[in-house]
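Please look over the sequence and the model first.

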Amino acid sequence: MVATTPATTAAVAALSDWRGWPGALAQLWRRSLRFRTLSVTLLLTALAIFVTCVTMALVIQNDLFESRKNQALEDALRAVDSAQAILDSAEIGDDPAALSELWDSIQKDLARNSTAEGITGSRIETESGADVATVRLNGFTAGLSMNLVSQALRNRVVELDDRQFYQSVSLDVSGKSVPGIIVGQQLNVPQAGPFEVYFSYDLEDADQTLSFVQRTLWIAGIGLVAIVAAISYVVLRTVSTPIIEVAETSARLASGDLGVRIEVHGEDELATLGRSFNAMADSIQSQIKELGELSLVQQRFVSDVSHELRTPLTTIRLAADMLNDQREDFDPVMARTAELLHTQVQRFETLLSDLLEISRYDAGSVQLELEATSLAHLAEDMIDQMRPLAEGHGTELRLVAPGGYSPVDMDPRRVRRVLRNLIGNAIEHGEGRPVVVTVDSNQNAVAVGVRDSGLGMEPADAERVFDRFWRADPSRQRTIGGTGLGLSIALGDASLHGGTLAVWSELGVGTNFVLTLPRHDGRLDGPSPVPLEPQDDDRGLDDATQPIELADIPSHLFDEGSL
């Protein structure tokens with residue numbers, strides 16, 4: 001009796017193994033409102049019924065005992081009073097034989113006038129030991145041994161001649177021990193003195209009645225708990241099923257299924273909740289559709305503008321190239337102007353190319369051109385291409401490549417673009433310190449890391465480093481003509497391969513970018529071969545490993561197992 005949600009379904013499945021019960025029940029308690037409410041209801045109901053049954057059983061037990069005890073006391077009192085009345089009214093004179101005969105008849109009357117199981121009597125001796133009786137009569141026993149009468153009860157009967165006393169005992173009836181009660185009081189016999197008389201009563205019928213009542217109470221209590229559980233389950237199911245439906249529908253809506261809706265029945269609060277949810281879903285779908293159309297219009301606008309600007313930009317670039325080639329014939333001001341025009345036109349052309357690429361990503365029209373390529377050789381080529389730029393900034397490029405030689409299907413043009421962007425950024429922000437490019441691989445992936453020892457970034461800045469046109473320091477000028485879209489495009493290239501592009505940075509220590517590409521099926525499985533966060537002994541790059549010379553070995557001699 002639990003909610004049939006995916007989370008609770010998994011918890012119920014875990015109950016098949018008794019060793020997993022504690023964890024499964026804890027999971028159900030946390031995730032299932034129906035299970036939690038039903039458990040609390042059953043627990044409190046069972047506790048209330050248990051207390052009620054125990055209280056009723058105790059009250060009934062006490063009432064039965066009191067009732068049976070009062071019956072025994074009244075029965076014994078009636079028999080003794082009847083016998084005492086006969087003794088007081090008898091006229092026997094001084095005839096001992098008549099008194100003895102009367103005493104024998106009294107014993108029979110006591111047994112006949114009471115419902116006791118057994119009777120016994122004994123003459124009471126005086127404390128002084130003097131025998132004041134003129135006639136000595138013997139005690140009697142009829143089904144009750146004086147040994148069952150406690151000395152405390154006998155003392156009370158002897159001391160108080162006008163009162164009854166009782167004690168609870170265990171009687172032997174037909175070889176079976178049953179609960180009982182012994183009632184005692186004095187009987188005064190003329191000329192013979194007082195006698196202590198005791199009656200034993202069997203309480204087995206009361207005990208059987210009590211057992212029946214208790215058994216009935218427990219059966220009724222268990223049945224009541226079951227009925228409450230069934231009623232609670234039905235009520236909770238009626239209330240929780242729409243809530244579960246709303247939760248599942250919300251999850252589907254959040255996952256992108258904008259057309260999902262809740263079936264509304266009735267006019268109650270749950271129906272109002274369903275209508276409100278559907279109205280919210282309609283509003284969200286409408287707004288997302290509008291935003292999608294607006295985004296599509298913006299993408300088309302960017303693409304169209306970029307394409308339309310290419311023709312005039314080509315003309316402007318040709319004119320700028322001509323002016324730049326002849327700048328030596330101009331005066332210094334005009335020569336500087338021609339040089340700036342040439343530089344900015346080149347930057348404008350790069351920006352247009354990046355905008356076109358971004359629009360392709362937004363439109364989902366990017367296609368990979370896969371080739372079996374060695375990432376290590378690709379990194380070596382890019383380092384050779386970027387070396388003049390590095391020398392211009394006084395930066396040393398170092399390559400550490402313990403792996404990554406085996407060819408992997410990738411789009412080499414896009415990976416080159418990613419490496420060019422990462423190495424260019426490391427050179428620009430590396431403060432003239434060495435930049436280390438690390439290439440490694442494992443059975444599942446190949447990776448390349450680009451590490452500099454520049455100023456680094458704060459964690460909040462590192463989280464936004466892949467945003468379009470974002471810079472950690474807006475006042476800092478780009479020195480190598482970046483457009484602000486390079487890292488965003490690089491992230492797109494990595495995702496297109498099914499890989500990742502991650503960044504680690506720390507102020508005053510530097511920055512490390514790691515590009516990880518899968519070997520198979522376009523899916524990463526396991527950690528990257530190149531760690532994202534440098535080890536403690538790698539935080540300083542002044543003593544970094546010198547470049548490893550890559551042997552010009554044919555690619556077919558390498559396989560993945562050798563790595």
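Leaving aside neighbours within four places in sequence, which residues is Arg68 in contact with? The residues in contact with Arg68 are Asp202, Leu203 and Asp205, where contact means heavy atoms within 4.5 Å.

## Basis of the model

The model is predicted, and local features need pLDDT of at least 70, side-chain atom pairs count only at pLDDT 80 or more, and totals for chains, interfaces and linings use all residues. Residues are numbered from 1 along each chain as its sequence is written, and side-chain values use heavy atoms, with hydrogens and water left out.

## Overall make-up

The protein has 563 residues, and 37% of them are buried. Buried stands for under 20% relative accessible area, exposed for over 50%, and partly exposed for values in between (1.4 Å probe, protein chains only). The secondary structure consists of 12 helices and 12 strands; these are DSSP runs numbered from the N terminus, with helices (H or I) of at least four residues and strands (E) of at least two.

Areas follow the Shrake-Rupley method with a 1.4 Å probe, and for residues only the protein chains shown count as cover. Of the contacts with a separation of 6 or more, 69% join residues 24 or more positions apart.

## Helix H3

Arg68 lies in helix H3 and is counted as buried because its relative accessibility is 16%. Leu33 is also a residue of helix H3, but at 48% relative accessibility Leu33 is partly exposed.

## Surface patches

Leu33 belongs to a nonpolar surface patch of about 600 Å², together with Leu224, Ile227, Ile231, Val235, Val239 and Ile243. Helix H6 (residues 204-254) contributes the most to this patch, with 6 residues.

A patch of negative charge on the surface brings together Asp94, Asp95, Glu101 and Asp104. Asp95 sits in the loop between helix H3 (33-89) and helix H4 (96-113), and its relative accessible area of 37% makes Asp95 partly exposed.

Patch residues have over 30% relative accessible area and no salt bridge; like charges are joined within 9 Å, and nonpolar side chains (Val, Leu, Ile, Met, Phe, Trp, Tyr) within 5 Å. A salt bridge is a side-chain nitrogen of Lys or Arg within 4 Å of a carboxyl oxygen of Asp or Glu. Asp and Glu count as negative, Lys and Arg as positive, while His and the chain ends are not counted. Each charge is placed at NZ of Lys, CZ of Arg, CG of Asp or CD of Glu.

## A positive phi

Glu431 is not a glycine, yet its phi is positive, at about 55°. Glu431 is in the loop between helix H10 (412-429) and strand S9 (435-441), and is partly exposed at 40% relative accessibility.
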